[in-house]
Amino acid sequence: MTRTAPATTPAPAPAANPDAAATDPAADPLTIAGVRFSSRLIMGTGGASSLEAMERALLASGTELTTVAMRRIDPGVHGSVLDVLHRHGIRVLPNTAGCYTAGEAVLTARLAREALGTDWVKLEVIADERTLLPDPVELLAAAETLVDDGFTVLPYTNDDPVLARKLQDAGCAAVMPLGSPIGSGLGIRNPHNFALITEAAGVPVILDAGAGTASDAAQAMELGCDAVMLASAVTRAQEPVLMAAAMRHAITAGRLAARAGRIPRRHFARASSPSAGVADLGRAPDPERPAFS
Amino acid sequence: MTEDATQTRTTTPPTATAAATRPDTDTAPAATVTVNGAPRRIDAGLTLDALVATVTAAPRGVAAAVNEDVVPRGSWPTTTLGDGDRVEILTAVQGG
């Protein structure tokens with residue numbers, strides 16, 4: 001007796017999702033100063049335990065724009081963050097971290113332009129070592145000087161709608177309000193101010209500083225931010241690669257949610273199953289049952 | 001870059017690194033400059049190009065300022081250093 005294998009019919013191909021392209025982040029790019037980015041996550045590189053750990057986190061994050069700091073050259077250091085960024089085609093965004101005056105920040109930006117061949121700068125002018133909060137007066141002065149000098153200026157700023165507007169009016173290509181102090185992981189302390197900033201802004205708004213975990217990044221996007229910048233939340237996480245991927249997904253999710261338009265908050269429930277057609281299963285009417293509405 | 005020559009020459013003996021930048025100590029007058037915050041004896045008239053070469057061989061990613069003015073890389077070979085000049089040589093590092 002011989003057996004033949006039963007003829008199998010191939011499984012039908014799943015129907016194509018007609019909305020797949022519309023929900024792909026690549027179909028909804030971020031544009032800063034005319035440059036388009038598929039990723040809305042700007043990464044910092046500070047705090048990583050090694051260049052190799054930083055590289056893996058950057059890849060997991062999907063970032064296309066990443067900050068570096070300018071420091072005195074150390075002849076003993078081999079391997080460069082620039083090599084890593086270059087290898088993966090990630091655009092470099094020099095910052096002016098560590099500057100306390102407009103003059104220092106302007107000179108640092110000009111050195112970065114000379115060293116890195118980019119006129120983009122993430123402008124930071126810090127007022128206080130303990131909080132690392134921006135000095136708004138020096139920040140605005142530096143922004144005006146650098147814009148006049150042809151720079152594309154992305155200022156790290158307070159979560160102040162008035163200052164954000166003045167920076168935009170000065171010609172900044174984006175505004176980067178802080179959610180909470182750098183490295184604090186305290187999230188967005190003033191969501192209302194973020195909403196005010198994003199509603200009024202004519203340039204991209206980028207959460208900068210304070211994100212501690214993925215929900216903070218998603219919240220920023222839901223509040224109308226165009227992108228999120230973070231470093232410590234990933235580089236100092238116990239598993240930086242996993243957190244980098246989490247941030248990537250959270251930002252995509254938050255952006256989709258913001259575009260989708262959330263439902264209004266209600267005080268009471270609103271049934272999602274129909275109230276008509278409920279079977280009579282012997283439940284007696286209860287005149288004591290409280291009715292809300 | 002010799003306009004700020006008010007700083008007097010120090011009596012600190014030249015370090016090994018500084019000596020490497022002064023191969024011909026008998027013919028050129030010495031000068032003391034500050035390189036990234038540290039004093040360095042050099043031959044007066046040493047070019048910025050030659051000074052940077054003693055710190056790094058990196059062909060890109062490096063910028064220099066002399067007395068708080070950025071000097072474009074193309075001008076390094078023609079920028080000479082004199083007593084009291086403050087030189088900052090920077091590169092990109094992990095940050096932000």
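## Sheet, aromatic pair and A/B interface

In chain A, three strands line up as an open sheet in the order E6-E7-E8, with parallel pairing. Because E6 and strand E8 (176-177) of chain A sit at the edges with a single partner strand each, one side of each has no neighbour in the sheet. Two strands count as paired if DSSP finds at least two bridges between them, and strands (E, at least two residues) and helices (H or I, at least four) are DSSP runs, numbered from the N terminus.

A quick word on provenance: this is a predicted model, where local features need pLDDT of at least 70 and side-chain atom pairs count only at pLDDT 80 or more, while totals for chains, interfaces and linings use all residues. Residues are numbered from 1 along each chain as its sequence is written, chains are lettered from A and ligands numbered from 1 in the order in which they are written, and side-chain values use heavy atoms, leaving out hydrogens and water.

| Strands | Sense | Bridges | A bridge pair |
|---|---|---|---|
| E7(A) (residues 152-157) and E8(A) | parallel | two bridges | A:Thr157 and A:Pro177 |

Now the interface itself. Chain A puts 28 residues into the contact (heavy atoms within 4.5 Å) and chain B puts in 24 residues. Between them they bury about 2,200 Å², 63% of it on carbon and sulfur atoms; that area is the accessible area (1.4 Å probe) lost on putting the two parts together, summed over both. A:Arg72, A:Ile73 and A:Leu111 provide 33% of what chain A buries against chain B, more than any other three residues.

A:Arg72 also turns up in a salt bridge with B:Glu88 (2.7 Å, N to O). The interface has two salt bridges, the rule being a side-chain nitrogen of Lys or Arg within 4 Å of a carboxyl oxygen of Asp or Glu. On the chain A side, helix H1 (51-61), strand E4 (65-72), helix H2 (81-87) and helix H3 (102-116) each supply at least two of the residues touching chain B.

Away from the interface topic, the whole structure has one aromatic pair over all chains (ring centres within 6.5 Å, using the six-membered ring of Trp; planes under 30 degrees apart are stacked, over 60 edge-to-face, the rest tilted).
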